[in-house]
Amino acid sequence: MTDRGKRKAAMREAFDSEGFRAMGHRVIDALADHLRDVATGPVLPWRDPAAAFEDWAPPPHDGGGVEAGLETLARWVAASNHLHHPRYVGHQVPPGMPLAALADAAVSLLNNSMTIFEMSPAGVPVEEAVVQWMCSALGFGAGSGGVLCDGGSIGNLTALVAAREAVVGSRAGETGQHQRLAVLASDQAHYCIGRAAQVMGCEFVPVASDGAYRMDVHALEGELDRLSREGIRVFAVAASACNTPTGSFDPIEEIADVCQKKGLWLHADGAHGASVVLSERHRHLVRGIERADSVTWDAHKMLMMPSLVTGVLFKRGDAACETYAQRSSYLLDKSPKEEWFNPAHKTIECTRRNMAVPLYVALQAYGTRAFADHVDDTIGLAQLFAAEIRARGDFELAIDPPVNIVCFRYRPAGVTEDAALDELQSRLRESVLRSGRFYFVKTRLRNGLFLRTTLLNPRTTIEDLKALLEAVRAAAER
Ligand SMILES: Cc1ncc(COP(=O)(O)O)c(C=O)c1O
């Protein structure tokens, strides 16, 4: 057989059902072993970036067969950051829920694009069911709606473009009536709000936050007056629910009052925190969120979903269609009203992954209440952890954790200088990370650099967190 013929045969085999079964069993067995054994190895197998980039050569001209592919996959798993390790308490990314990960594999294999109903006749209704589940949990009423998109950053951009359309009319720019436009958010908001403003050609104006890192509503009113005097038109305020550095929730109810009075669009960036609406105990943290015009909500943060699953949810579902109402003869040849079943009318994206399926399957299996319990458990764990930090004289808690994000620093007697304290935190983090025993991050707060943990992992216990404090202290003593 010629080389070309051999390659053709290999490609036929690549789509063979029995070949898939055999590969699948091996991959699942390897991943199940990984879940079983992950806690016995390092969380993050430390490599300096330059060395890690050397580890992965460009792909070969001729493949080495399925065996080579599976070996590479195993090598990649071993070298990855292990989010299922109970001592992964780093950035706001959860360990993927196994059932959802399996559903994700089915999504990958079927590859039904979420652009139009015909391409995903089961996926589009499933997404609508998830969107309605989210809208109803937020307290949005009839007529609300939305779409899923690739992450909180795209979600915030999607919502803010709709905000500008609703308040100003984006097409004003096309007719030459250029006006300086601005969006406001707290100085603690995720950087993607500023980036969305940049993409939109608008200004981003940060509003001062208070001692608990929540937007200061008096400062908001002051900024609105100043911008109005300067002839800059504000069209939206983005409340952080919660923010990234400390997990603090802006006072949404008070911000909603200001927006109502001034005719502004209220967007709530609930990428991390919107999940608290599922919890009776913690829902109060986002009191007033039902008054927002739009909300971004990541299920790939507190809801344990593999990345990415973000809801962009509108109180008035039509707002999205009014914004993204392009036509194209090859895809969207009728109005959004006639083609209400085609999601491409509601979003920036064209081909979209079936993001709803893993969450929908997980909700069928475990029910909404299990997710509410998870929210409660992780916030409860954060409170226990804060108490442990407070109880140790050589540690300092940044603020009482509003949610499952806990910031603290090691502050031994005798180290008082700001620069020395900052340097100490960086070095302690690097030392503990290099040991492979924990993964946690850092953030700069008003009074210096702090170590930062996010508790999203159902496998993490208070014993793991006490061990983290011991590891930090031991590194300092060394
Ligand atoms: C408050 C907030 N908004 C937006 C984002 C961005 O979300 P994503 O990483 O899904 O783009 C994050 C991410 O951490 C966040 O914490």
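How many nonpolar, polar and charged residues does the shell around the ligand have? By class, there are three nonpolar, eight polar and three charged residues; Ala, Val, Leu, Ile, Met, Phe, Trp, Tyr, Cys and Pro count as nonpolar, Asp, Glu, Lys and Arg as charged, and the others, Gly among them, as polar. The model is predicted: local features need pLDDT of at least 70 and side-chain atom pairs pLDDT 80 or more, whereas totals for chains, interfaces and linings use all residues. Residues are numbered from 1 along each chain as its sequence is written, and side-chain values use heavy atoms, without hydrogens and water.

**Ligand site**

- The ligand is surrounded by 14 residues (a heavy atom within 4 Å), the closest being G152, S153, T244, D269 and H300.
- Helix α7 (residues 152-167) supplies three residues, the largest share of this shell; helices are DSSP runs of H or I with at least four residues, strands runs of E with at least two.
- Of the 390 Å² of accessible area that the ligand has on its own, the protein covers 85% (Shrake-Rupley method, 1.4 Å probe).

**Four-stranded sheet**

- An open sheet with antiparallel pairing has the strand order β8-β9-β11-β10, where pairing requires at least two DSSP bridges.
- β8 (395-397) and β10 (441-445) are the edge strands.
- Three bridges join β8 to β9 (residues 405-410), and E396 has R409 in β9 as its bridge partner.
- Helix α14 (residues 462-477) packs on the sheet and touches β8, β9 and β11 (448-454), contact being heavy atoms within 4.5 Å.

Terms used: Axes are lines fitted to C-alpha atoms, for helices over the stretch in contact, and angles run from 0 to 180 degrees between N-to-C directions.
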